[in-house]
Amino acid sequence: MNNERIDKLVNSFKDKFDGNPDILVRAPGRVNLIGEHTDYNDGFVFPVAIDRDIMIASRRRDDLIVRLYSLDFDQSVEFSLGDIKYDEEQKWSNYPRGVAFFLQESEYKISGLDAVITGNVPLGAGLSSSAAMEVAMATTFEKINGLTIEPAEMALLCQKAENKFVGMNCGIMDQFISRMGKKDHALLLDCRSLEYDLIPLNLENIKIVVCDTGKKRGLVDSEYNKRRAECERGVKILEKFLPGISALRDVEFSDLIKYSGHIPEITEKRCRYVIKENIRVLESVEAIEEFDLLKFGDLMNESHIGLRDEYEVSCPELDAMVEIAWKIDGVIGSRMTGAGFGGCTVSVVVEDSLQELIDKVNEEYPKRTGLQPEIYICTAEDGAGVVEI
């Protein structure tokens, strides 16, 4: 834990609110190793919580006033728990507002608080800064009010805040891994049942490398909703032939092929990707458990090709970053991660090849795109919790 960050956060709280915070919590961002756009199709995902997080220092109040200060934006907001409205001006505050709104809707009794928020999860990079903010805020309200919120319930509540208050129709993965992650493990999550397994990563001498393309994800909201609609359309058509299905999760690949003539071409492509990606996730977990990293890497690469060609959510910048990684011998696998149209790639890299990857990305990527990359060497960390001050 970075003591310099903690000191800065605590000192900022003292400056803003005249006194010490009662509690400091953190919630991590995430990178998804494989299983993209499967979550809202009731499928499987395989993310890790990373060593980039949102931290909140807070102190309980005896009234219903919530005062928040963002250290990173240098902005303050104030609202009452009795009258929570969407803020058009300071949009970062809508994540805490949404969490407070739905905590109360779920009949949790919460008091007001003073809080300072800081984060080092890159914004707009697809590492889920929004879920980290929501889970950190929910954990803050939980701890400061002496509540007990079951982890899965907290994840669902935070997802609801993002879906219904912020207005982003995300699946459950991001909030779940931010709350439930475990050091040196990835999380196999069944997005329908919310059953999960923490899988030891067995990555000795292997690094998880996240490369930020520097391309902000401008198209993601509208295109995300289009992809979701295509998947739902595919299910509606296939229901006629496969009674009882409710999501692409329920469709065998052989059945998709069998009935593909009844499905519009673009819809069939979207469905094909999701069905194959679910298979890849389960095969990836088997590969990790069997120490077959080459198989795991092949599945990551296939995932990127599917995202590029079938789901069509990649972009030239993501493709360039992945192609650079694929040419390096010690890169086991590389793919785009997150919703797409910009953001980050994730690569699994032999430690001895790490510097070569960093050098090649820094040299070749700007030539191909005109953008400067950011490279993060990540470790798999624990989910949300209290930080000792």
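This is a predicted model: local features need pLDDT of at least 70, side-chain atom pairs count only at pLDDT 80 or more; totals for chains, interfaces and linings use all residues.
Reader: Is the crossing of helices H3 and H4 left-handed or right-handed?

Author: The crossing of H3 and H4 is right-handed; that word applies when the near helix is turned clockwise from the far one by less than a right angle, and left-handed when anticlockwise. Residues are numbered from 1 along each chain as its sequence is written, and side-chain values use heavy atoms, leaving out hydrogens and water.

Reader: At what angle do H3 and H4 pack?

Author: Two packed helices are described by the angle between their axes and the distance between the axes. Helix H3 (residues 129–144) and H4 pack at about 125°, and their axes are 10 Å apart. The axes are lines fitted to C-alpha atoms over the stretch in contact, with angles from 0 to 180 degrees between N-to-C directions. H3 and H4 are therefore oblique to each other: under 35 degrees counts as roughly parallel, over 145 as roughly antiparallel, 65 to 115 as roughly perpendicular, and the rest as oblique.

Reader: Which residues make that contact?

Author: Contact means heavy atoms within 4.5 Å. From H3 come Ser130, Ala131, Glu134, Val135, Ala138, Thr139 and Glu142, and from H4 come Met154, Cys158 and Glu162. By class, five are nonpolar, two polar and three charged.

Reader: How do H8 and H9 cross?

Author: The axes of H8 (residues 265–289) and H9 (residues 293–309) come within 9 Å and cross at roughly 165°, so these helices are roughly antiparallel to each other. Their crossing is left-handed. The residues of this contact divide into seven nonpolar, three polar and seven charged.

Reader: Now for rings. How many aromatic pairs are there?

Author: A pair of aromatic rings is described by the distance of the centres and the angle of the planes. Rings of Phe, Tyr and Trp (its six-membered ring) pair if their centres lie within 6.5 Å; planes under 30 degrees apart are stacked, over 60 edge-to-face, and the rest tilted. That rule gives nine aromatic pairs. In one of them, Phe101 and Phe165 are tilted, at 6.1 Å centre to centre with 40° between the planes. Phe101 lies in helix H2 (residues 94–105) and Phe165 in helix H4 (residues 151–166), so the pair ties together parts 64 residues apart in sequence. Tyr86, Phe101, Phe102 and Phe165 form one aromatic cluster.

Reader: Is Phe165 buried or exposed?

Author: Phe165 counts as buried at 13% relative accessibility, whereas Phe101 is partly exposed at 33%. Buried means under 20% relative accessible area, exposed over 50%, and partly exposed in between (1.4 Å probe, protein chains only). Another pair, Phe241 and Tyr259, is stacked, with 4.6 Å centre to centre and 10° between the planes. Phe241 sits in the loop between helix H6 (220–239) and helix H7 (253–259), and Tyr259 in H7, 18 residues apart.

Reader: How many residues of helix H10 are buried?

Author: Eight of the 11 residues of H10 (residues 316–326) are buried, so this helix is largely enclosed by the rest of the structure. Among them are Leu318, Met321 and Ile324. The buried residues of H10 pack against strand E8 (206–212), H9, strand E9 (331–337), strand E10 (344–350) and helix H11 (354–369).

Terms used:
Helices (H or I, at least four residues) and strands (E, at least two) are DSSP runs, numbered from the N terminus. Ala, Val, Leu, Ile, Met, Phe, Trp, Tyr, Cys and Pro count as nonpolar, Asp, Glu, Lys and Arg as charged, and the others, Gly among them, as polar.
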